[in-house]
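This briefing is for a reader who is meeting the structure below for the first time. It goes through the contact between the chains, then charged pairs, backbone angles and aromatic rings.

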Amino acid sequence: MRRHLTFFVTAARYDLVMHARNRFAMFLVVLYVPAWVTLAHAALPDKPAPVRLNSTGEFLSPPGDQLSQITGALNAVTLISGFMMFAATFNGGRFDRRLAMAGHPRIHLALAKTTSLALACAAVSVYATAVTCAAWIPRQPALLATALFCDAMTYGALGVLFGCVLRREVEGMFAMVMTSIIDVALQNPIANTGANSPLVRLLPSYGSMQAATGAGFTNGTMASCLAVQTLWFAGAALLALLAFHRRTRSAFPRTRRPRTPTRRRPAHGTR
Amino acid sequence: MVLRGIDISLRRGVVAGIVGENGAGKSTLLKILAGELRPQRGVVVHRGRFGYCPQDVVLNDALTVRQHLKFFMTAFGLSDLCRAEGLMEVLRFSEYADERAGVLSGGTRQKLNLTLALMHDPQVLLLDEPYQGFDWDTYRRFWDLAAGLREAGRSVLVVSHLAYDTGRLDELWYLEGGVLRPRAEAAP
């Protein structure tokens, strides 16, 4: 048990160090989130934007600038978490494989990545909610933060997936940016008058968008929307896990590993 | 097909080398031996702890040298870093312990790359162009290290596109056209 904990804690600690040293991601967090949210508030008209909450069937007419702040916050947190995880996976893929082949269990590496992703997403989501609250007070700030968190986690998993399957950095960055923009823009009733179309229910941020809108302008719990978003996260995380497993596997068949007196546990297989 | 009919066995206490021109398939062969690639046919049998130093330096630029060592200490299941610190002394890069890998020179990155392959005292060691970027002194210390491994009964396989190290090898193969041939003129 203690050995498993050591594997997990070591990997989680160094994952967090890697994220903290990603200066571009830090720059995005510190400047991009407030810039997006503030500009949406300052530049867009406060004309009511009709939007339907599909989970309750309720029609809302929130001010357009406030609704755009919510979509802007979703766009910002998804880009940041997606970019962070894509960069970490893309640049660290061979390093992860080397660690795995040295004997570090891949399940502990994957759990550590999920933990560091969750901590980073929680921090960014709380920050984005606080920035939003500086302009206007949503009805349920905690629910807004939760919706942002679930969406950021989903995009973090997509970032790992893109980092495993794409071959060039620019491909991953483009895929991440375009996915987030298309996803969020299609659901914004200001950008798309057909935002209530059944098609948008299939988008990766649909659950969070509905939950965040409900958090901003209603007192509903929006549990079903968060459940939909959690399903999206679970699906993306499963695909990411499979891609990570494939990328870090050894060509040798799995066998028992020899023990040595100087080591707590062995590192490489014997055939 | 890059490689054909490869049949090689590495004995205990031997420093062996494989040389060949660029693109001959040396790195592909070593990746197969190290478990990075799966051969279309045939088997690779390892006996004992195994270490692999890839040709491309595989490090994480965000982590310091010490963080790399601690991460791999956990992966290898080692109880301390004594051997790793000894290797850093031999390769003369202990003073960079708290520097991030991303800011190190090419030669120092390669020293760390090599240390990660050696720090768990492997019984079989596969090295792909291990002295790239080394200065002359470090290059000589590397061969002293290899001689020490031989004396300790370890098996070392060095792959290189240069043939001027052959005097330091116990066995030498030449890889040409995907076929591995022993070289009779190799030093005893």
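In this predicted model, Asp56(B) and Arg94(A) form a salt bridge through their side chains, with an N to O distance of 3.4 Å. One salt bridge is found across the interface of chain B and chain A.

**Contact between chain B and chain A**

- Four elements of chain B each give at least two residues to the side that touches chain A: α1 (26-34), β2 (50-53), α2 (65-76) and α4 (106-118).
- Helix α2(B) supplies the largest share of that side, with eight residues.
- Sorted by class, the side of chain B that touches chain A consists of 22 nonpolar, 12 polar and seven charged residues.
- In total, 41 residues of chain B and 32 residues of chain A take part in the contact.
- The size of an interface is often expressed as the accessible area that is lost when the parts come together.
- For chain B and chain A the buried area is about 3400 Å², and 58% of it lies on carbon and sulfur atoms.
- Six residue pairs are in polar contact between chain B and chain A, with both residues at pLDDT 80 or more.

**Salt bridges within chain A**

- Over all chains, the structure has 13 salt bridges.
- One of them joins the side chains of Lys113(A) and Asp96(A), at 3.1 Å from N to O.
- Lys113(A) belongs to helix α4 (residues 106-135) of chain A and Asp96(A) to helix α3 (residues 64-102) of chain A, so this pair ties together parts 17 residues apart in sequence.
- Lys113(A) and Asp96(A) are both buried.
- Arg168(A) and Glu171(A) also meet in a salt bridge through their side chains, with 3.3 Å from N to O.
- Arg168(A) counts as exposed because its relative accessibility is 52%, and the cut-off for exposed is over 50%.
- Glu171(A) has a relative accessible area of 30% and is therefore partly exposed.

**Salt bridges within chain B**

- Arg83(B) and Asp121(B) form a salt bridge in which the closest N and O atoms are 3.8 Å apart.
- This pair links distant parts of the chain, 38 residues apart: Arg83(B) is in helix α3 (residues 82-90) of chain B, and Asp121(B) is in the loop between α4 and β3 (124-128) of chain B.
- Arg83(B) is partly exposed, at 30% relative accessible area.
- Asp121(B) is likewise partly exposed, at 22% relative accessible area.
- Both residues belong to a network of salt bridges that links Arg49(B), Arg83(B), Asp121(B) and Arg154(B).

- Met222(A) is not a glycine, yet its phi is positive, near 60°.
- Met222(A) sits in the loop between α7 (206-217) and α8 (223-248) of chain A.
- With a relative accessibility of 4%, Met222(A) counts as buried.
- Glu129(B), also a residue other than glycine, has a positive phi of about 45°.
- Glu129(B) is placed in the loop between β3 and α5 (136-151) of chain B.
- Although its side chain belongs to the charged class, Glu129(B) counts as buried, with 5% relative accessibility.

**Aromatic rings**

- Across all chains there are 13 aromatic pairs.
- Phe95(A) and Phe71(B) make an edge-to-face pair, with 6.1 Å from centre to centre and 65° between the planes.
- Phe95(A) lies in helix α3 of chain A and Phe71(B) in helix α2 of chain B, so this pair joins two chains.
- Phe95(A) and Phe71(B) are both buried.
- In the pair of Trp136(A) and Phe217(A), the ring centres are 5.3 Å apart and the planes are at 5°, so the pair is stacked.
- Trp136(A) is in the loop between α4 and α5 (141-165) of chain A, whereas Phe217(A) is in helix α7 of chain A, so the pair ties together parts 81 residues apart in sequence.
- Trp136(A) counts as buried, at 8% relative accessibility, and Phe217(A) counts as buried at 13%.
- One aromatic cluster is made up of Tyr14(A), Phe95(A), Phe71(B), Phe72(B) and Phe76(B).

Methods
Residues numbered from 1 in each chain as written. Chains lettered and ligands numbered in written order. Predicted model: local features only at pLDDT ≥ 70, side-chain atom pairs only at ≥ 80, totals over all residues. Heavy atoms only, no water. Contact = heavy atoms within 4.5 Å. Buried area = accessible area lost by both parts, 1.4 Å probe. Salt bridge = Lys/Arg side-chain N within 4 Å of Asp/Glu carboxyl O. Polar contact = N/O pair within 3.5 Å; in protein donor to acceptor, adjacent residues only side chain to side chain. Buried < 20%, exposed > 50% of the residue type's maximum accessible area, 1.4 Å probe, protein only. Phe/Tyr/Trp six-rings, centres within 6.5 Å; stacked < 30°, edge-to-face > 60°.
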